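Thanks for asking me to look this one over. Here are my notes as numbered points, to be read with the model open beside them.

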Amino acid sequence: MNPEEIAPAWRACTPSRYRLAEGARWADGSLLFVDLLRGDLHRVRGVGAGGPELLLGLRMPLGAVAPTVGGPPGQWIIAAGPGVALTDARGDVDWLARPGGRPDRSMRMNDGACDPAGRFWAGSMEVAAAPGAGSLYRTDTDGTVHEVLDGLTVPNGPVFSADGSLMYLADSATGTIRRHAVHPASGTLGEGELFASFPSEEGRPDGMTVDDEQNLWVALWGAGRVLCLAPDGRRLRTVCLPTPHTSSVAFGGGLMFVTTATHRLDRPGPLDGAVLAAMTEVTAPPVQPFGAIPEA
């Protein structure tokens, strides 16, 4: 059965157009997103609400962020540059690990998110997307960073089920999404299984989110689509956008938000690179914060 296809009335939330807007997250009544290649974190409060507000300017690639609990006000955990760090509004960076600082390859961090237990998961990739050069890292709430998967190329996600027992991880380069069982207490991954695959003409799976019905929403880079998949893998709904490079998706405040990009577009159109919003009845949990790190 073909999924329902809809084309909402999209409006730009941002006057600027971004080369690579990514990492859409709903937090405290507003949308967070990153300008990945510039290394900026922005906040926008919706269509016609002003902004966006610049929260961080790191001057290195910034793949993903999450707020922290138990730390100083305004603290974030970030997947940025060569590793995972804590930072604040001043942009001071306290590295927890820099696994991408390799002499043999030019690596950077990419997408990431926290699971319901407060652990931060983020992927790495080689800047030219060398096959199999990337990895997935888990940062536990004590600040230790562990490599949990390797052999990835362009990891995106991960995102988690409400109870944290399942993780979805896309590899955009291979057009696949795999689903892994997660041990809720330890964060140990099961072997994983193929959940969805996409031929190149359907676009590449990029940023994702899980809604309150446990459906998976996937931004399909290069296709101008966001796809909704049921937990059993059925394609439920396709949402069409007026720009090809859709990079992440989030829900909040009665709106569906999609980040887009001008990256690798020879002639960007008027909405390419904007953060777009449309009205929706779909709801999803807000961003999960990173757990407190005990003081030394």
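This is a predicted model: local features need pLDDT of at least 70, side-chain atom pairs count only at pLDDT 80 or more; totals for chains, interfaces and linings use all residues.

1. A129 belongs to the loop that runs between β12 and β13 (134-139). Its phi deserves a look: A129 is not a glycine, yet the angle is positive, at about 60 degrees.

2. You will find R59 in the loop between β6 (53-57) and β7 (62-67). R59 counts as exposed, because its relative accessibility is 81% and the cut-off is over 50%. As background for both points, most residues other than glycine have a negative phi.

3. While you are checking backbone angles, please look at the step from G157 to P158. That peptide bond is cis, and its omega is near -5 degrees. P158 is placed in strand β15. For context, most peptide bonds are trans.

4. Is R119 buried or exposed? R119 counts as buried, because its relative accessibility is 6% and the limit is under 20%. R119 sits in the loop between β11 (107-114) and β12 (120-126). Its side chain reaches two backbone oxygens: that of P184 at 2.9 Å, and that of A185, which lies 3.0 Å from a polar atom of the R119 side chain.

5. Now to the rings. Searching the whole structure turns up five aromatic pairs. One of them joins Y18 and F33 in an edge-to-face arrangement, with 5.3 Å between centres and 70 degrees between planes. The partners come from distant parts of the chain, 15 residues apart: Y18 from the loop between β2 (11-12) and β3, and F33 from strand β4 (residues 30-35). Y18 and F33 are both buried.

6. W121 and F160 form another aromatic pair, this one tilted, at 5.5 Å centre to centre and with 50 degrees between the planes. It links strand β12, which holds W121, to strand β15, which holds F160, across 39 residues. Both W121 and F160 are buried. The ring of W121 has a further neighbour: the charged end of R138 sits over it, 5.9 Å from the ring centre.

7. For anyone thinking about open space, the largest pocket has a volume of about 530 Å³. Its lining counts 21 residues, with M125, V154, W221, H263 and R264 nearest the centre. By class, these divide into 11 nonpolar, five polar and five charged residues. Which strand gives the most to this lining? β19 does, with three residues, while β11 and β19 (204-210) each supply at least two.

8. The second largest pocket holds about 420 Å³ of space. Of the 26 residues that line it, T209, P285, P286, V287 and Q288 lie nearest the centre. The lining is made up of 19 nonpolar, four polar and three charged residues. Several strands each supply at least two residues to it, namely β3 (21-27), β11, β15 (155-160), β19 and β23 (246-252).

Conventions
Residues are numbered from 1 along each chain as its sequence is written. Side-chain values use heavy atoms; hydrogens and water are left out. Helices (H or I, at least four residues) and strands (E, at least two) are DSSP runs, numbered from the N terminus. Buried means under 20% relative accessible area, exposed over 50%, partly exposed in between (1.4 Å probe, protein chains only). A polar contact is a pair of N or O atoms within 3.5 Å; within protein, one must be able to donate a hydrogen and the other to accept it, and residues adjacent in sequence count only if both atoms are side-chain atoms. On a 1 Å grid over the protein atoms alone, a cavity is a set of points where a 1.4 Å probe fits but cannot get out, and a pocket is an open set with protein on both sides within 12 Å along at least five of seven lines; lining residues have an atom within 4 Å of a point. Grid points are joined across faces, edges and corners, and a volume is the space filled by probe spheres set on the points. Ala, Val, Leu, Ile, Met, Phe, Trp, Tyr, Cys and Pro count as nonpolar, Asp, Glu, Lys and Arg as charged, and the others, Gly among them, as polar. Rings of Phe, Tyr and Trp (its six-membered ring) pair if their centres lie within 6.5 Å; planes under 30 degrees apart count as stacked, over 60 as edge-to-face and the rest as tilted. A charge sits over a ring if NZ of Lys or CZ of Arg is within 6 Å of the ring centre and within 35 degrees of the ring normal.
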